[in-house]
Amino acid sequence: MKPLRHTTLAIISLLSSLLGYAQPGTLPKPTPRQLAWQPMETTAFLHFTVNTYTDKEWGDGTESPTIFNPTKLDARQWIKALKEAGFQMAIITAKHHDGFCLWPSKMTAHSVKSSPWKNGKGDVVKEVADACREFGLKFGVYLSPWDRHEPRYGTASYNDYYKSQLRELLTNYGPVSEVWFDGAKGDNAKDMTYDFAGYWALVRELQPNAVMFSDAGPDVRWVGNESGNAGETCWSTINTEGLAPGKADPKYLNRGDPTGKQWVPAETDVSIRPGWFYHATEDPKVRSGKNLVDLYYQSVGRNSLLLLNIPPNRDGLFSEPDMASLKEFRSILDETFKQNLVAKQPYLTDKKLGTFTTVSANQPLTIELGGDKSFDRIAIQENIANGQRVASGRVEYWDGSNWKSLQTFTTVGYKRLLRFPAVTSSKLRLFITNANGAVQLAEVGVFKASVRE
């Protein structure tokens, strides 16, 4: 029995590792799919359905497919704009709460095949997937579990219906990099127990490299708000036991848990407009490029990923205000981060998280700038492949005769971005004041912000 027991323990250990569970005495670590997800930094949501034509945010399922007719639809325009703005993935709302499907699902007539668009022969999901492949973006799908149109909703058979639709999306459109499971459900919705375990198992079977989002994972968690703010302290770890989708405390999800046993990093979802779907009256209310940059610092700069929604309009195009903001956003970031002022140091400026310098708590690390430089931004990154360790730290700068305090910070993880009034110095000192073990410091960058920030 002994060899069998050892084999069983080895299998359990392997499965726990693949699911992001920590082994006794070790820190949780990301799976390969999670490790590939986080460095994308900025990804896009594409909210588009019958709501675009009714001026609603949540449809009620009674909308006629005949209202869906984006006569100028050009998914290449969407994805090209995203590519030029530095986005790495696009996630299309294949089915929102209204139940209308943007692909010709075999499971229902409530889809594009019953619309006048392309005489019922169109497939929005395919056009987005094809455009993503053309421009080199990853592709993701959103499939709402809540369905206000389907009669089977509220019965056990609906789970089979949902899984059949999920199978269509996961087998007909090539590689899928993220699958989004929304936990939203209206107050007066029918009672329905979702088979999330079955949904997730199907994704693992058909698209094993895809990360899955829901409130508390299994791969990616909600940041706890839709305003674009990850926690000032944001751990990639949480404890998922008892956290059913839609039941987790938003404050807990926002900050994470330093003692969490599962690696489930935060994703910060926010819209470029007040609403998630296109409304012409919101054209003057599109976030500016500068505001999007603030969101970047408050999400990516706090160990999260920015998932920005850009909704196509009724013609099936990105509107000009949205396009202009995306362009300004990328231009500002490129100007700010084009030159790292840190004098070349092995392992800290090679843009590789897998090369690092090990730093112990309260052991100063001096960063030389190669002469006096003016700067107002600092980037710090850990080698998250081996976990997240930094709990707090501080930065000092040399004023020519003394070390002066510059800024304190809490968690780092994938990336921590610091902003402060410009100072001039020839060197910095970085202290890790509290950490869960020796820190594997992978990158340090010092920058001067664009004048447009």
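# A tour of the model by selection

Start at D376: with 8% relative accessibility, this residue counts as buried. Buried here means under 20% relative accessible area, exposed means over 50%, and partly exposed falls in between (1.4 Å probe, protein chains only). Before moving on, note that this is a predicted model: local features need pLDDT of at least 70, side-chain atom pairs count only at pLDDT 80 or more, and totals for chains, interfaces and linings use all residues. Residues are numbered from 1 along each chain as its sequence is written, and side-chain values use heavy atoms, with hydrogens and water left out.

**Stop 1**

D376 and R377 form a salt bridge, and their closest N and O atoms are 3.8 Å apart. The term covers a side-chain nitrogen of Lys or Arg within 4 Å of a carboxyl oxygen of Asp or Glu. R377 is buried too, at a relative accessible area of 10%.

**Stop 2**

Select K80 and E84. Their side chains meet in a salt bridge at 2.6 Å, N to O. Both residues lie in helix α4, 4 residues apart, about one turn of the helix. Helices (H or I, at least four residues) and strands (E, at least two) are DSSP runs, numbered from the N terminus. K80 is partly exposed at 39% relative accessible area, whereas E84 is exposed at 54% relative accessibility.

Next, pick D195 and K163. Here the closest N and O atoms of the salt bridge are 2.7 Å apart. D195 sits in the loop between β4 (178–180) and α7 (196–206) and K163 in helix α6, so the pair ties together parts that are 32 residues apart in sequence. D195 is partly exposed, with a relative accessible area of 25%. K163 is also partly exposed, at 22%.

**Stop 3: helix α10**

Select residues 320–336. Helix α10 has 17 residues, which at 1.5 Å a residue should span 24 Å; the end C-alpha atoms are 25 Å apart, which agrees. The expected span is 1.5 Å times one less than the number of residues.

Which residues of α10 are buried? Colour D322, S325, L326, F329, R330, I332, L333 and T336. They cover an arc of only 160° around the axis, which puts them on the same side of α10. The arc is that of the directions from the helix axis to the C-beta atoms. Turn to the other side of α10: E320 and K327 are exposed there.

Then show the packing partners of the buried residues of α10. They are β1 (42–46), α4 (75–84), α9 (289–299), β10 (304–309), β12 (365–382) and β16 (439–447).

**Stop 4: the nonpolar cores**

In soluble globular proteins, nonpolar side chains tend to be buried together. A nonpolar core is a set of buried Ala, Val, Leu, Ile, Met, Phe, Trp, Tyr and Cys residues joined through side-chain atoms within 4.5 Å.

Select W78, I79, L82 and V124. Of the 79 residues in the largest nonpolar core, these four touch the most other members. Helix α5 (residues 124–135) gives the most to this core, with 7 residues.

Zoom in on I79. Beyond its neighbours within four places in sequence, I79 is in contact (heavy atoms within 4.5 Å) with L46, A90, V128, A131, C132, F135 and L137. A second, separate core has 27 residues, among them V342, L365, F375 and L430.

**Stop 5: C101 and C132**

Select both cysteines. The sulfur of C101 is 19 Å from the closest cysteine sulfur, in C132, too far for a bond. A disulfide needs a pair of cysteine sulfur atoms within 2.5 Å; by this rule the count is 0. Both sites are buried: C101 has a relative accessible area of 0%, and C132 has 1%.

**Stop 6: W146 and A156**

Last, select W146 and A156. W146 is found in the loop between β3 (138–143) and α6 (157–171), and A156 lies in the loop between β3 and α6 as well.

Buried or exposed: which describes W146, and which A156? W146 is buried at 4% relative accessibility; A156 is exposed at 67%.

Leaving aside neighbours within four places in sequence, the contacts of W146 include W58, H96, H97, Y153 and Y194. To finish, draw two C-alpha distances. W146 to F356 spans 45 Å, at 210 residues apart along the chain. A156 to L428 spans 61 Å, at 272 residues apart in sequence.
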